[in-house]
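Hi,

Here is the model I promised to pass on.

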Amino acid sequence: MQTQIASWARDTDYGREADAILRRCVHCGFCTATCPTYQVLGDELDSPRGRIYLIKQMLEGAEPTQATQTHLDRCLTCRNCETTCPSGVEYGHLIDIGRGLVETRVRRPWAQRMKRALLRQGLTSRWFAPAMRLGKALRPLLPAAVRAKVPASRPVGRIPDARAHARQVILLSGCVQPAMMPTIDAATLRVLDTLGIGATVVAGSGCCGAINLHLDDPSTALAQMRANVDAWWPLVESGQVEAIVMNASGCGAMVKEYAHHLRTDPAYADRAARIVSLVRDVSEIVAPHARELRERLGGPVRAAFHPPCTLQHWQGLRPLTDGVLADLGFELQPFADRHLCCGSAGAYSVMQPDMAMTLRDRKLAAIAPTAPDVILSANIGCIAHLQSGTATPVRHWIEALDERLQGGRPS
């Protein structure tokens, strides 16, 4: 694609990056075949190719409008188009640049600004955990729409002593998961303990930065990234840990991009690159041990596995995770459109509820004929979003494995 980047952007870091990405696009349109919003809406401007044109026009001097902002907002950032693209267009980085530029030039309506600010502040606040505990306690009394966002409480169970093992890893605490679904972290700790690995949540670490980055506050997102690097660095530098383990694929995808986001920061660029080299999804840790664990498990479990976009398109870990689950005795049922987003996409289900519910219902309709005992996934957002539309239990696969190791079955 030929470009004529405007003078105000040409010599900036984002301008050079965007220009390089745009020039790789060959207009083929393969991306439209795998874009969830284009499949639902049928509008070229709600496809990756259409959004690329909008961003190109803006970088070449065209003035963006609220319509431009709307089309960019509707993108799920699932990066399915990147998996499909034969030219290697880094669409995810380009959409971040485009959204950032539009945000500085198009003023959002008051209600949108308020909702985004509440999400940014609320989901990462120290008040989120007590609010979630109160919501769980009052869950039967809540309106249906609110109740769908509040998972039912389940016992956390035993927490092993990380100091019992020579092998040590860091576990990201995150911001939402410990309060919404503490059973995921607890299950992860027990499974790692079974493998002879101790896991520690480091004081001072927290949100990976994704929420603020995708809700128009990149400066706060970068501050959160630096805080995590600072918290983890002493253990990394001293060689006391072998990996930084992620059990939320959305957080893992974000942290694996710290080197990109901090590349121009001389104080953090090298450390961020070192951090990224140690980041592992929990499936990568379990994979070498899956067959030995299988010997300790009961009979097979009929399951449908929904691979989150951040696992399969951002990190390319769907084949590995499929193999791990098969080795662990999960009988994975095939269903249509496994590559498509379920509609959760972080805060997207709150900001774009109609599209999110449409994609959720399409996903569950594809799964339903397989009649699984459990629906598995690997990201808290997908798990909560899918569970809001089905009576079939939806679990992180590490929870299902933990239950089986304890002698039970996913329930």
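You'll find Asp217 in the loop between α13 and α14. Leaving out residues up to four places away in sequence, Asp217 touches Arg120 and Asn212, where contact means heavy atoms within 4.5 Å. Helices here are DSSP runs (H or I, at least four residues), numbered from the N terminus.

Some housekeeping before the rest. This is a predicted model, so local features need pLDDT of at least 70 and side-chain atom pairs count only at pLDDT 80 or more, while totals for chains, interfaces and linings use all residues. Residues are numbered from 1 along each chain as its sequence is written, and side-chain values use heavy atoms, with hydrogens and water left out.

Another loop residue to look at is His289, between α18 (282–286) and α19 (290–294). His289 is also buried, with a relative accessible area of 15%, and its contacts include Arg167 and Leu195, not counting residues up to four places away in sequence.

Now the helices. Helix α4 covers residues 48–59, and its end C-alpha atoms are 16 Å apart, which agrees with the 16 Å that its 12 residues should span (1.5 Å times one less than the number of residues). 9 of those 12 residues are buried, so α4 is largely enclosed by the rest of the structure. Among the buried ones are Ile52, Leu54, Ile55 and Met58, along with Arg51 and Lys56. They pack against α1 (7–10), α2, α3 (36–41), α5 (66–73), α6 (80–84) and α7. After α4 comes Gly61, with a positive phi near 120°.

Helix α9 (residues 128–137) buries Phe128, Met132, Gly135 and Lys136. Looking down the axis, these fall within an arc of 95°, so they line one face of the helix (the arc is that of the directions from the helix axis to the C-beta atoms). The cover over them includes α8 (110–123), α11 (177–180) and α12 (182–194). On the face turned away sit the exposed residues Arg133, Leu134 and Ala137.

On a 1 Å grid over the protein atoms alone, a cavity is a set of points where a 1.4 Å probe fits but cannot get out, and a pocket is an open set with protein on both sides within 12 Å along at least five of seven lines; lining residues have an atom within 4 Å of a point. Volumes are the space filled by probe spheres set on the points.

There are 3 cavities of 30 Å³ or more. The largest has a volume of about 150 Å³; of its 17 lining residues, Cys25, Cys31, Ile52, Cys85 and Val89 are closest to the centre. Helix α4 gives the largest share of that lining, 3 residues. The second largest cavity, of about 70 Å³, gets at least two lining residues each from α3 and α4.

Cheers

How values were computed. Buried < 20%, exposed > 50% of the residue type's maximum accessible area, 1.4 Å probe, protein only.
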